[in-house]
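Grab a pencil and work through these exercises on a protein chain. Try each task before you read its solution.

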Amino acid sequence: MSINRAVLWDMDGTLIDSEEFHWISWRNTLANEGITITREQFLSTFGQRNDSIIPRWLGAESTPERIEKIANAKEELYRDLVRTKGISPLPGVATWLRRLHKEGWLQAIASAAPRANIDAILEALSATHIFQGIVSAEDVHRAKPDPEVYLIAAARVGVSPDRCIVVEDAVAGVEGARRAGMKSVGVSHKHVPADVVARSLDLLDRFAFERLFECQATSG
């Protein structure tokens, strides 16, 4: 319990499966602007920042004001879906959050999502008390695989990067963890170059985090 160590969590696709709510939010918001997108188009940008996604849809009609208006409308609709329909953690997430909390690990969210979205998700999961730090889109200037989001998260919980383990579902996120000097757990049905990979967190070895931390400490 006295060992200073932390787990830094990605949110979308790692803690929760939010794809459907994001799809509905983008589709409906853009329809109100007279823009039609396909699910495939949506998926090709999923996980990216709004200020890089929206200009693709708007093209020549893209202005900072319109980008902000659409982004705000989309995120408000997304949060409304979360609040009214609820959202469940992915398999194994609740167990691991409680276990790590009980074992004295500090935990933080390291996400490209807006802060209001993160707050809505954690409230829906009744998990706000689990996390000692949150890093959101408002806090970072560079997207993953840049390590910025993880380095800020580590600083927020007061733990050095070499004592942090990242949980991610995307290749860019895992690469960002590597650049930050952190070990990583990859949660994905696809290949991700993480130090430990599981198709689902409920399939992750009971001692995975302990072993990674020991390995990190030894190599450090």
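**Exercise 1.** Work out whether Lys183 is buried or exposed, and find its salt-bridge partner.

*Solution.* Start with the cut-offs: buried means under 20% relative accessible area, exposed over 50%, and partly exposed in between (1.4 Å probe, protein chains only). Lys183 has a relative accessible area of 16%, so it's buried. Next, the partner: a salt bridge needs a side-chain nitrogen of Lys or Arg within 4 Å of a carboxyl oxygen of Asp or Glu. Lys183 meets Asp195 that way, at 3.9 Å from N to O. Asp195 is partly exposed, at 42%.

A quick word on the model: it is predicted, so local features need pLDDT of at least 70 and side-chain atom pairs count only at pLDDT 80 or more, while totals for chains, interfaces and linings use all residues. Residues are numbered from 1 along each chain as its sequence is written, and side-chain values use heavy atoms, leaving out hydrogens and water.

**Exercise 2.** Which residue pairs with Arg66 in a salt bridge, and which network does Arg66 belong to?

*Solution.* Arg66 bridges to Glu33 at 2.9 Å, N to O. Arg66 counts as buried, at 19%. Now follow the shared partners: they join Glu33, Glu61, Arg66 and Lys69 into one network.
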